[in-house]
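Please keep the sequence and the model in view while reading.

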Amino acid sequence: MKFKIKITKKNLICTAAVAAASAAAHIMSGISIFNMLMFPIFYFVIKNLEIEFSEKYAGILTAAAILAGSALTAWLVQYVLLVEDLRVRISDQMFFLNICCSLTVYLLAQLFLNHAGRACILAHTVLMLLAGANYFVWEFRGNELTFADLRTITTGLSVASNYRFSLNAQAANAVLFTVLLLAGARKLQIRCGRRRLMRFVCLSCMILSCVYVARRTEGRTTETWEQKGSYQNGYLLNFVLSIRDSFVEKPKNYTRELIAEIEKDYKGQQKNVSAKKPAIIVIMDESFADFDVLGNLETNRAVTPFFDSLSENTLKGYALASVYGAKTPNSEWEFLTGNSMAYLPSGSVPYQQYVEEKNAYSLVDILKKQEYTCVAMHPYYSTGWSRDSVYPKLGFDEMYFLDDFDQSAPMRKYVSDAAMFAKVIERYEAGKGKENLFLMGITMQNHGGYRDFYENFKTDVYGTDIRYPDVNQYLSLIHQTDLALEKLISYFSEEKEPVVICFFGDHQPSLNSMFYQRMNGKGLSGLTLSELQALYTVPFFIWTNYESESAVMERTSLNFLSGLLLERADLALPPYQRFLSDLREVVPAMNARAYYSKSLRRYVHYGEGSAEDEFWIEKYRNLQYNGLFDDKKRSSVFFGR
């Protein structure tokens with residue numbers, strides 16, 4: 001092996017570019033002056049260093065490069081994603097498993113390229129791009145990027161322009177360090193002469209690494225909250241686990257005989273109570289939340305005075321969602337189907353993974369059997385979350401998307417809730433007296449990305465003792481929703497024909513992490529299960545324009561909400577909804593993380609409740625699996641379409 005320094009004009013220009021990037025990183029991202037100076041110095045040395053390798057040691061040098069590269073990449077991924085206090089929480093064993101995951105990618109690259117330098121460049125680049133994607137996803141929605149999210153990349157890109165992309169000092173350091181690593185890898189002009197042997201060794205090591213990781217992670221699950229995936233599992237391992245967990249397992253005691261036993265108690269159809277079927281309007285409002293569930297927030301004016309005052313002919317309260325900060329369609333799916341994300345892989349999106357014509361039983365089927373015209377509205381792109389293909393499978397008769405709405409006066413960059421509600425009224429008027437209408441509207445006004453300034457939007461509601469611009473913009477947005485909601489209810493309160501309106505938030509917004517520390521005293525880490533569930537709690541109401549019992553429901557969940565809606569509308573409950581009604585008596589609320597045990601009077605993780613709780617939970621899991629995945633033996637009693 002021979003070394004020499006050869007300074008060229010091209011290398012000097014490249015070094016100057018790195019120096020400029022380092023200076024920019026210091027000014028814009030806050031990297032230290034020491035790092036700002038050392039990055040271009042090290043780059044200059046690496047760039048001008050020429051190395052000659054002996055073919056005799058090609059195998060050893062290749063192995064050393066791949067092992068060193070794997071470890072450096074695994075470390076750098078952790079560095080870019082976590083602050084030091086969290087970075088040190090990963091155990092040595094878990095970090096070693098992350099190195100094994102990184103090593104597998106390096107070996108795969110070497111297997112195909114047979115070039116140590118290029119293999120290191122390719123593997124490191126791919127893994128750092130994955131880490132970078134997770135960095136931004138965490139910044140925007142407060143959840144970690146998993147394998148299932150790759151199916152939703154087009155939807156994510158469609159709203160990416162509404163978020164602010166910026167790098168902190170760690171991320172900037174990681175980018176510059178990556179530049180050094182790639183420059184060094186380019187110097188590794190090493191090929192193995194015995195290519196077949198090299199491929200055999202690479203493939204064997206890959207298999208051993210995969211088997212080792214699989215055996216060491218039995219019982220570990222994908223984590224998507226509090227960056228647990230990164231500081232408990234390590235991000236690369238957590239992503240690998242999300243691949244494994246993307247496959248839905250059949251319940252251990254699942255049999256068709258078990259489903260038949262459950263069917264015995266629910267055969268037959270209930271009869272309608274109401275003489276006249278009311279129009280049913282459902283509004284799932286983007287990121288609509290009530291921060292009272294988190295703590296006390298003083299504001300310059302009431303944020304949602306109309307929503308808070310609504311009580312006559314109203315059932316209202318709080319519901320658990322399974323998502324936080326993003327993945328609206330999961331809340332939509334739970335509401336429409338009565339199913340729960342608790343029994344699906346973490347990070348999955350049913351709309352894009354599991355909904356097929358044959359298994360798409362939902363509230364739409366229930367109402368179409370009762371002669372309703374079913375309409376879906378969403379003032380954004382039809383392809384978002386694959387709604388343009390999912391809605392027909394669910395059985396909607398009509399669909400309205402962005403081009404069908406008035407876009408002349410957007411709120412920030414989205415169709416306002418006022419414009420959305422005007423479209424709801426317009427569609428109701430078009431069919432009044434001629435049809436039984438069910439309309440499901442998904443709003444867009446309050447979508448995330450609350451940090452930018454908009455000339456067409458004024459922040460007029462704000463916290464009196466906080467200084468978080470994104471929080472204040474969000475509060476002002478839902479205040480506008482409240483004003484629009486007042487007009488919507490006022491219109492229908494004058495209607496003589498019976499109308500039921502169900503309104504709920506899809507999830508809480510993802511805001512400045514310091515805001516949550518101000519609200520609950522802890523922030524987003526170290527929360528008890530009850531405190532964590534508060535972040536998944538959204539407000540709802542079901543209102544009628546005719547006399548009905550007023551009540552406040554302390555807790556429920558989105559999978560139970562459609563059943564409550566049918567009950568308030570005095571419509572027949574089919575067998576599956578009757579089962580859910582019975583389940584709700586034992587388990588009043590549940591989401592993907594845990595459920596509320598009525599007998600224990602607290603939230604518990606699945607598998608940790610009372611015997612009666614777990615008995616009902618297990619029946620629910622088996623029924624859901626039957627309805628979604630057992631194509632040949634799907635229950636016609638519960639899921640007949």
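I280 stands opposite F438 in β7, where strands are DSSP runs (E, at least two residues) and helices are DSSP runs (H or I, at least four residues), numbered from the N terminus. The model is a predicted one, in which local features need pLDDT of at least 70 and side-chain atom pairs count only at pLDDT 80 or more, while totals for chains, interfaces and linings use all residues. Residues are numbered from 1 along each chain as its sequence is written, and side-chain values use heavy atoms, with hydrogens and water left out.

Strand β3 (residues 279–285) is joined to strand β7 (residues 436–442) by 5 bridges, the two running parallel, and within β7 the bridge partner of I283 is G441. β3 also pairs in the parallel sense with strand β8 (residues 499–505) over 7 bridges, pairing being counted if DSSP finds at least two bridges between two strands; here M284 has F504 of β8 as its bridge partner.

The open sheet has 8 strands in the order β6-β5-β7-β3-β8-β9-β4-β10, with mixed pairing. β6 (398–400) and β10 (551–557) stand at its edges with a single partner strand each, so one side of each has no neighbour in the sheet. Helix α14 (residues 328–337) lies across β3, β7 and β8 and runs at about 155° to β7, the angle being taken from 0 to 180 degrees between N-to-C directions of axes fitted to C-alpha atoms, for helices over the stretch in contact (heavy atoms within 4.5 Å).

## A buried loop residue

Q445 is placed in the loop between β7 and α19 (469–493), and its 1% relative accessibility means that Q445 counts as buried. The side chain of Q445 makes a polar contact with the side chain of T481 at 3.0 Å; such a contact is a pair of N or O atoms within 3.5 Å, where within protein one must be able to donate a hydrogen and the other to accept it, and residues adjacent in sequence count only if both atoms are side-chain atoms.

Methods:
Buried < 20%, exposed > 50% of the residue type's maximum accessible area, 1.4 Å probe, protein only.
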